[in-house]
Amino acid sequence: MDFRRSVMVIYYGVLILLDILRNVYKFGFTSVFQWKQTERPKCLEDPVLGKHGHLTIKDVRIHYVASGPIKGPLMLFLHGFPEFWFSWRHQLREFNKDHRVVAVDMRGYGDSDKPKGIDAYSMRVLISDVKEIIEALGYSTCTLVAHDWGGLVAWPFAKFYPDYVDKLIILNVVPKPVFEFVVPRSRAQQERSWYVTFFQLPWIPELRLKIMNFAALRNIFTAANITDPEIIDAYVYTFSRPGALTPPIDYYRALVRGSGGSFTYDARCNMPVLLIWGCQDNYLGEECVDGLAQLAPDVQIKLIQRANHFVAMEEPETVNRFMRDWLEG
């Protein structure tokens, strides 16, 4: 990390520690430093969503949920942070009529293996995972649907392995070259992305998400108008299990520190691309969409004005309609 980023890491660390101390003063030590593993909610066992299974690729086992015709065209879903396969529940129900729909837990998440160390989460490793998942499922190509971190992986995957992607659908994330184009030009986006710098600290980000029985994790979803207690409990259950927080945060650590080597690519892809964007996103501003329109004008963009970052969960009917119209059109 450069000197300025190192200073900002320390700055955010001090701010968060002071905030924790304020909470201790306000609520008491026991209330703040208490967390427990949530029981597995019944919604994760809904048979309508599909059957659970595992794939062995390289050094990890990948958990997935699949449904739809065995020989149907593959539609592969990649989730973001802090999520897991369950974020695609509405799309699994909708598209299993005419696709083999498969939603995975990316490495380090959910019921997939969680190797230790940031080298296990470099972009090169994550891109390779997608290729091997497609092959392990018995396919050579797919419609790739991805959100947030899944999209950060899907953009370069489609660039470097275009023969594996028939169509690309991305939700609320732009490729890294667009983000790098936008950030120096947007103070607002710099402020929205503060947590990426904060996540470079050891153990403090994990502690911040855990204290007060995972209050910060719950707030991520309630701030995006996802308020169903059972749905939120599904996420708290997933990330309250021992060792479940560090691997997802290691994605950010590997991204910033360049673990596994760096590479460059442009934002254009050789296949049809649809971007669906919730305009109330707390983490990525619409200037990112404007940047993508400049650097990759062939991408079709659909905006959902009232949706926040987790657009597939917040506005599933609209997202599904945009996807289906685009796929059939």
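**Notes on a predicted model**

1. Residues 6-25 are 100% helix and 0% strand, with end C-alpha atoms 29 Å apart. Helices here are DSSP runs of H or I with at least four residues, strands are E runs of at least two, and both are numbered from the N terminus. UniProt, in an unreviewed entry, places a "transmembrane region" at residues 6-25. UniProt positions follow the numbering used here, feature names are shortened, and annotations may be inferred rather than shown by experiment.

2. A word on how to read the values. This is a predicted model, in which local features need pLDDT of at least 70 and side-chain atom pairs count only at pLDDT 80 or more, while totals for chains, interfaces and linings use all residues. Residues are numbered from 1 along each chain as its sequence is written, and side-chain values use heavy atoms, leaving out hydrogens and water.

3. Next, the core. The largest nonpolar core holds 119 residues, and L76, F86, W155, L168 and I276 have the most contacts inside it. Helix 9 (residues 204-222) gives the most to this core, with nine residues. Such a core is a set of buried Ala, Val, Leu, Ile, Met, Phe, Trp, Tyr and Cys residues joined through side-chain atoms within 4.5 Å. Buried means under 20% relative accessible area, exposed means over 50%, and partly exposed is in between (1.4 Å probe, protein chains only). Not counting residues up to four places away in sequence, F86 touches C43, L44, L49, I231, A234 and Y235; contact means heavy atoms within 4.5 Å.

4. Do look at helix 9 on screen. What would a straight helix of 19 residues span? The figure would be 27 Å at 1.5 Å a residue, yet helix 9 spans only 22 Å between its end C-alpha atoms. The expected span is 1.5 Å times one less than the number of residues. Helix 9 bends by about 120° at M212, where the bend is the angle between axes fitted to the seven residues ending there and the seven starting there. Its buried residues include P205, L209, N213 and F221, and their cover includes helix 1 (3-27), helix 10 (229-240) and helix 11 (246-257).

5. Now for charged pairs. The count comes to 23 salt bridges, each a side-chain nitrogen of Lys or Arg within 4 Å of a carboxyl oxygen of Asp or Glu. One of them joins E132 and K58 (3.7 Å, N to O). E132 lies in helix 4 (residues 123-136) and K58 in the loop between strand 1 (51-57) and strand 2 (60-67), so the pair ties together parts that are 74 residues apart in sequence. K58, D59, R107, D129 and E132 are linked in a network of salt bridges.

6. Are D250 and R253 buried or exposed? Both are buried, and their side chains meet in a salt bridge (3.0 Å, N to O). They lie three residues apart in helix 11, about one turn of the helix.

7. Finally, helix 14 (residues 316-328). Its 13 residues should span 18 Å at 1.5 Å a residue, and its end C-alpha atoms are 18 Å apart, which agrees. N320 lies in this helix and counts as buried at 9% relative accessibility. Leaving aside neighbours within four places in sequence, N320 is in contact with H90, Q91, E94 and F95. E94 also forms a salt bridge with K97 (3.8 Å, N to O).
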